[in-house]
Amino acid sequence: MSERFEKCKLTTTCSLEEEIEEIKATFMEVDLGELQVEMENVNLENLSDVVRKKLDEWKETPLNIAVTGESGSGKSTMVNTLRGLKAADKESARVGVTETTMEPTPYPHPDNPSLKIWDLPGIGTLKFPAAEYVEKMECHKYDFFLIVSHTRFSENDLNLVKALTVLEKKFAFVRSKIDMDISNQMEDYGMPEDKVKEDVRGDISKYLQMEGIDNPSIFLVSCRQRITYEFADLVDYIWKNLSEMKGAAMVLSLKAVTENMLTAKTDILRKGITWAALRSSAKGAIPLFGLSMLVDVSIITEKIIDWKTDLGLDEKSLKHIAQEYNTTVDYLRQNIKSIISPEDIVPVIISQLEDTRWTTPLYMIGETIKFIFIPLGSAMSGISCYASTYVALQKILTLLSEDSHRVLQAAIAVRAANLF
């Protein structure tokens, strides 16, 4: 233990501030990595704010994704699809048969204002000739680019690729309206879908490889049929090619469209459990019998509600999934095996905490003696609160993650069955 903890053991005059410092010191002696650095300037007054800020850090991370390409290629529709909106929705980007975007326009994501999808004017128009486009669009300020096209690879597309390569910017080439290409080729020539996609991808690859891009990132999508083609693969590609924090911001903002994204969401949420448990430990040090249990129930209930939304298990998300996959909310709900309604949450939490706390001698001793010998009892109780809350949150997140995978798998199975 730390020297200060030894000092507190010899006196009964340590303040609650000093007790919190001891809990911090104890955690630092455990291998908690970045937590030690983050905790250096934390005190009792700002502990809750620091923890909350850390948990919400991804919401404050600016992320700018630019959607560009020729006029009429479907850029604005792509902007709306990435934001989970349709053209008729109030906050959607304007969509039309003529060029509707005359200036670079940011559209914040409905669930995270720090994530902005930029609708850039079409390249190669009279107002935005290709030679001036990159400079006028200030391309240096964006984190990722989607080059959208709905016809054969053009000279303007090539100019964009060259410019972004020079700027060392990450980008993906998106062939929009692939459903129309497939329908037209099948009707006109009887060409099967796989052959149409192979030809389209091959045509784009040929020109990109001429520019030295050996493994071009090409995605064939239909924004009207988001789950049918390669939109999910495109989303995965974007967040995997961002920095860790920006990737987390995108993953937690967008609704999961693949199991890879669900797994990524769970991994990111799991990293925050340390900080949520830290809130419990601070409250557990306060000398009021039973307060720590009440606080833990509150903290864990809050995390469950947040996680259900993040993992697509809340009512709004279930309705969205049911609509997109042509099934019912009741059917999806049958695949949720853990915590379903708010009234079920508290008993489950108490059960989880009892498994890890009330049978733990450290907690029982700490709760008892912190009224007699405050410093030692509070430290013991705080450490126990951290451990029990941490373990309970780990178990609950695992259950919710399993539910989210079952729901997505069930939705995909329904849609596959409807195709035949």
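This is a predicted model: local features need pLDDT of at least 70, side-chain atom pairs count only at pLDDT 80 or more; totals for chains, interfaces and linings use all residues.
Residues are numbered from 1 along each chain as its sequence is written, and side-chain values use heavy atoms, with hydrogens and water left out.

**The whole chain.** Begin with the protein chain in cartoon view, where the secondary structure comes to 19 helices and 6 strands (DSSP runs numbered from the N terminus, helices being H or I with at least four residues and strands E with at least two). Of the 420 residues in the chain, 50% are buried, a word that stands for under 20% relative accessible area with a 1.4 Å probe, counting protein chains only.

**The sheet.** Next, select the strands: 6 of them form an open sheet in the order β2-β3-β1-β4-β5-β6, and the pairing is mixed (two strands pair if DSSP finds at least two bridges between them). Strands β2 and β6 (218-220) stand at the edges, and because each has a single partner strand, one side of each is left without a neighbour in the sheet. In general, strands of a sheet pair through backbone hydrogen bonds, either parallel or antiparallel.

**Strand β3 and its neighbours.** Now select residues 112-119, which make up strand β3, and note that 6 of its 8 residues are buried. Which strand runs parallel to β3? Select residues 63-69 to find β1, which is joined to β3 by 5 bridges in the parallel sense; here I65 has I117 of β3 as its bridge partner. Then select residues 105-109, strand β2, which pairs with β3 in the antiparallel sense over 5 bridges. Along this pairing P108 stands opposite K116 and H109 stands opposite N112, and the two strands form a hairpin with 2 residues between them.

Finally, select S114, which lies in strand β3; S114 counts as buried because its relative accessibility is 17%. What does S114 touch, leaving aside residues up to four places away in sequence? The residues are K59, E60, T61, P62 and L63, where a contact means heavy atoms within 4.5 Å. Although S114 and K59 are 55 residues apart along the chain, their C-alpha atoms are separated by 6.4 Å. Show the side chain of S114 to see that one of its polar atoms lies 2.6 Å from the backbone oxygen of K59.

Technical notes: A polar contact is a pair of N or O atoms within 3.5 Å; within protein, one must be able to donate a hydrogen and the other to accept it, and residues adjacent in sequence count only if both atoms are side-chain atoms.
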